[in-house]
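Me: I have a model open and some labels to check. Can we go through them, term by term?

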Amino acid sequence: MEPRETYRVLPSWSSWFWTWLTGVPLEGERPLLVHSAKSFLLMAATSYIGGIALSIGGVMNTGGWSWVSMITGWCLVVSGARRLVSTVVHQCIHGRFSGWRKIDYVIGELLTVLTFTQTAEEYRREHFEKHHRFGIFSTKDDPSVQFLMKSGFKPGMSVKALWIRLLLNIFSPKFHLYFITQRIRSNFVHKRPMRLVMVYVYLLIWGGALVLGWVSQEEIFFGVIVPIIFLYQISVMLEFVSEHAWLVPTQHVGHARSVHYTHSWARFCGSATPMRSATHSATSYYGCWLVWWSAQLLYHIPVRLLVLPGDLPQHDFHHRSPNTTEWPNAAYARQQHLQKNKEPSMEFWGLHRAINHVFLGIAITGANVARAPIITSNQLSDVEGSREC
């Protein structure tokens, strides 16, 4: 049984929440709220701007619960920023936000200024000239692969060594310095005059607020820089290393898009609910539920909010149908697409399983590039996990 189907044991009124968390709707389920491009942007921007205000407020106040405000604000900032960039700007560079390329370009540039990330122009050039091009996608010439390799992920490293590298990068000043240096370069080096004006105005606003005493240096650092720079970069790293079969040779069969059947996949959050068996005592069974709820609250929900927000759980759907306008409701659109087209698909339940799959591919590829196989999900015995404790 598919993990999402096991959630039927939970109250039916909560189904919308589990669909959001997992990224998978039940068969025949309809969305509680059908998003448009504008409503998606509004929610992401509200999360981002509201999160900054909340985190600054948490630093500003000295009450016993101020740290709760600050951390909640951080979560909202990171989640909002990732949705603004990885989903909205992504669709803008594909010309699938408003339908007007010039308007999409302006929106993309404004949002990348607001989040101080790679410019929309540079993002679009790398994305179309390399990442989406067959023969370059997922190879050493793909900008995403180059970023990972410069971050220390090398072909031939063991899976264990790759996991250690990932954990080190999260806390590594060298990694964060490299990442922010790339963001600064993208915003200031050889940019169009109007783009530079936008960046300088944005930074002057924060500088003016600091000079006028509206915010302090401490509030700027902990309320703005920590979530926008450090936590955002950790989120990007965790998402990147789970996204595609990086460096695994492609086996082109039929048409160029077929590479996405093996090198792209869905990353769903959640796990199958416990199932009572004859060997389970009541204590053991309820203990399994305690473990399950703990995993949802402490692992899967934070991952969904901070690492895989927006349409990132269904990123394979974007590669299957890059011109779709149904991206604001990607969970439902992906399901309908697969049912209609009967295409092969791969999915992982749990971010860690997707990361391990990527690392296994990098390790095998480096060990023997000439004979490196395409690794499929059934090579990982615990892709979906067991429903029994």
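Predicted model: local features only at pLDDT ≥ 70, side-chain atom pairs only at ≥ 80, totals over all residues.

Reply: Residues are numbered from 1 along each chain as its sequence is written, and side-chain values use heavy atoms, without hydrogens and water.

Me: Why is the pair of arginine 8 and glutamate 5 called a salt bridge?

Reply: The term asks for a side-chain nitrogen of Lys or Arg within 4 Å of a carboxyl oxygen of Asp or Glu. For arginine 8 and glutamate 5 the N to O distance is 2.7 Å. The pair therefore meets the cut-off. The structure holds 11 salt bridges.

Me: What makes arginine 8 and glutamate 5 buried, exposed or partly exposed?

Reply: Relative accessible area decides (1.4 Å probe, protein chains only): buried is under 20%, exposed is over 50%, partly exposed is in between. Arginine 8 has 47%, so it counts as partly exposed. Glutamate 5 has 27%, so it is partly exposed too.

Me: How do you know that arginine 82 and glutamate 239 form a salt bridge?

Reply: Their closest N and O atoms are 3.5 Å apart. That is within the limit, so the label holds. Arginine 82 lies in helix α3 (residues 66-93) and glutamate 239 in helix α10 (residues 217-240), so the pair ties together parts 157 residues apart in sequence. A helix here is a DSSP run (H or I, at least four residues), numbered from the N terminus. Arginine 82 has 4% relative accessibility, so it is buried. Glutamate 239 has 2%, so it is buried as well.

Me: What makes arginine 195 and glutamate 109 a link between distant parts of the chain?

Reply: First, the salt bridge: the closest N and O atoms are 2.5 Å apart. Then the positions: arginine 195 sits in helix α9 (residues 193-211) and glutamate 109 in helix α4 (residues 101-114), 86 residues apart. Arginine 195 is buried, at 4% relative accessible area. Glutamate 109 is buried, at 4%.

Me: Why is arginine 353 called buried?

Reply: Its relative accessibility is 15%, so it falls under the buried limit. Arginine 353 is found in helix α15 (residues 351-367). A polar atom of its side chain lies 2.8 Å from the backbone oxygen of tryptophan 349.

Me: What makes a residue part of the lining of the largest pocket?

Reply: A pocket is an open set of points on a 1 Å grid over the protein atoms alone, where a 1.4 Å probe fits, with protein on both sides within 12 Å along at least five of seven lines; lining residues have an atom within 4 Å of a point. The largest pocket has 33 such residues, with Gln118, Tyr123, Glu126, Ser144 and Phe240 nearest its centre. Helix α5 gives the most, with eight residues.

Me: How are the residues of the second largest pocket's lining divided by class?

Reply: Ala, Val, Leu, Ile, Met, Phe, Trp, Tyr, Cys and Pro count as nonpolar, Asp, Glu, Lys and Arg as charged, and the others, Gly among them, as polar. That gives 16 nonpolar, seven polar and three charged residues. In the largest pocket the lining has 10 nonpolar, 11 polar and 12 charged. Helix α1 gives the most to the lining of the second largest pocket, with four residues.

Notes:
Helix = DSSP H or I, 4+ residues; strand = E, 2+ residues; numbered from the N terminus. Polar contact = N/O pair within 3.5 Å; in protein donor to acceptor, adjacent residues only side chain to side chain.
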